[in-house]
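Biologist: Could you take a close look at one part of this model for me, starting with a single residue and its surroundings? Please give the cut-offs as you go, and carry on from there in one connected account.

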Amino acid sequence: MQTTELHEIATTLRHARLNRTPIAAPTKTWQQLDADAAFEVQRLTVEMAVSEGDRVVGYKLGNIAKAMQAAFGLDQPDYGFLLASTFTYEGTTVDPARFIEPFVELEPAFLLKRHLRGPNLTVADVINAVEHAVPAIEIIDSRVQNWAIDLPDTLSDNGSTGAVILGGTPRQITDLRLSDTRGTLHFNGEPVMSGNTNNILGNPLSATAWLCNRLAAYDVEFEPGQIILPGSCLEAVRMNAPGTWTGEFADWGSVQFEVSPA
């Protein structure tokens, strides 16, 4: 695709994000858009945000669990940059007007103490690089109308990022069973969805290695202090009413936020 087309897609998606107005899937308008071109669109949208004062604080992997792929009609994971502007404090109130059609996910988050760079990165490298793990909620949101996405659409849209809330119970990964930890989402005190960290490519450390190796093709490396979201352990739940959301990992900790009335 021509550079001018990539910039046009990036600008269209950036305006859709800022105005909370959905657009038709980019692959419907720009039919030559593939995954590699979509990542360049993603990079351009991030550059726009950084030029306006934002900053890159990490990376995310999405749709890694089969339940998520089935829910959104994808057969591959997606991935994206994490921007500081998308982070929200635990226990605060979120305005639903910030989003178009949001869903809530529960996943671990990793804070890095060392560089990670693929290709040929192993799970052992990831274990050596992780400083702490914390429970996290990601609110995913799509600028594509009705979530009618193919892989290049969600990649262009920075992995359908919306917001991230980090919990306050950091743990060493040696104190956790990341290959077998139950996670549950609650809404107003009632459980609405459950899953297990083994849904995240067997364990989220493996998913992190996969992500780093995949992004090496685009000359991306993970840096100390950055946050990695390796993907949800359960199917995302639609966020369509005011109330209290709590994500809880068994024998680990929880993370919570409120949704204000529209």
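**A loop residue and its surroundings**

Modeller: R20 is partly exposed, with a relative accessible area of 39%; here buried means under 20% relative accessible area, exposed means over 50% and partly exposed lies in between, using a 1.4 Å probe and protein chains only. This is a predicted model, in which local features need pLDDT of at least 70, side-chain atom pairs count only at pLDDT 80 or more, and totals for chains, interfaces and linings use all residues. Residues are numbered from 1 along each chain as its sequence is written, and side-chain values use heavy atoms, with hydrogens and water left out.

R20 sits in the loop between α1 and α2 (26–29), where helices are DSSP runs of H or I with at least four residues, strands are E runs of at least two, and both are numbered from the N terminus. The backbone of R20 is worth a glance too: its phi is near 55°, a positive value in a residue other than glycine.

Now follow α1 itself. The axes of α1 (residues 3–19) and α3 (residues 35–51) come within 9 Å and cross at roughly 55°; these axes are lines fitted to C-alpha atoms over the stretch in contact, with angles from 0 to 180 degrees between N-to-C directions. α1 is therefore oblique to α3, given that under 35 degrees is roughly parallel, over 145 roughly antiparallel, 65 to 115 roughly perpendicular and the rest oblique. The crossing of α1 with α3 is right-handed, that is, the near helix is turned clockwise from the far one by less than a right angle.

Which side chains take part? From α1 come L6, H7, I9, A10, T11, L13 and R14, and from α3 come A37, E40, V41, L44, T45, M48 and A49, with contact meaning heavy atoms within 4.5 Å. Sorted by class, the α1 contact with α3 has 9 nonpolar, 3 polar and 2 charged residues.

Back to backbones for a moment. N188 is not a glycine either, yet has a positive phi of about 50°. N188 lies in the loop between β8 (182–187) and β9 (190–196) and is partly exposed, with a relative accessible area of 47%. Another loop, between β5 (103–112) and α5 (123–129), holds P119, and the peptide bond from G118 to P119 is cis, with omega near 5°.

Finally, two cysteines: C212 is buried, at 0% relative accessible area, and C233 is buried as well, at 1%.

Methods
Nonpolar A, V, L, I, M, F, W, Y, C, P; charged D, E, K, R; others polar.
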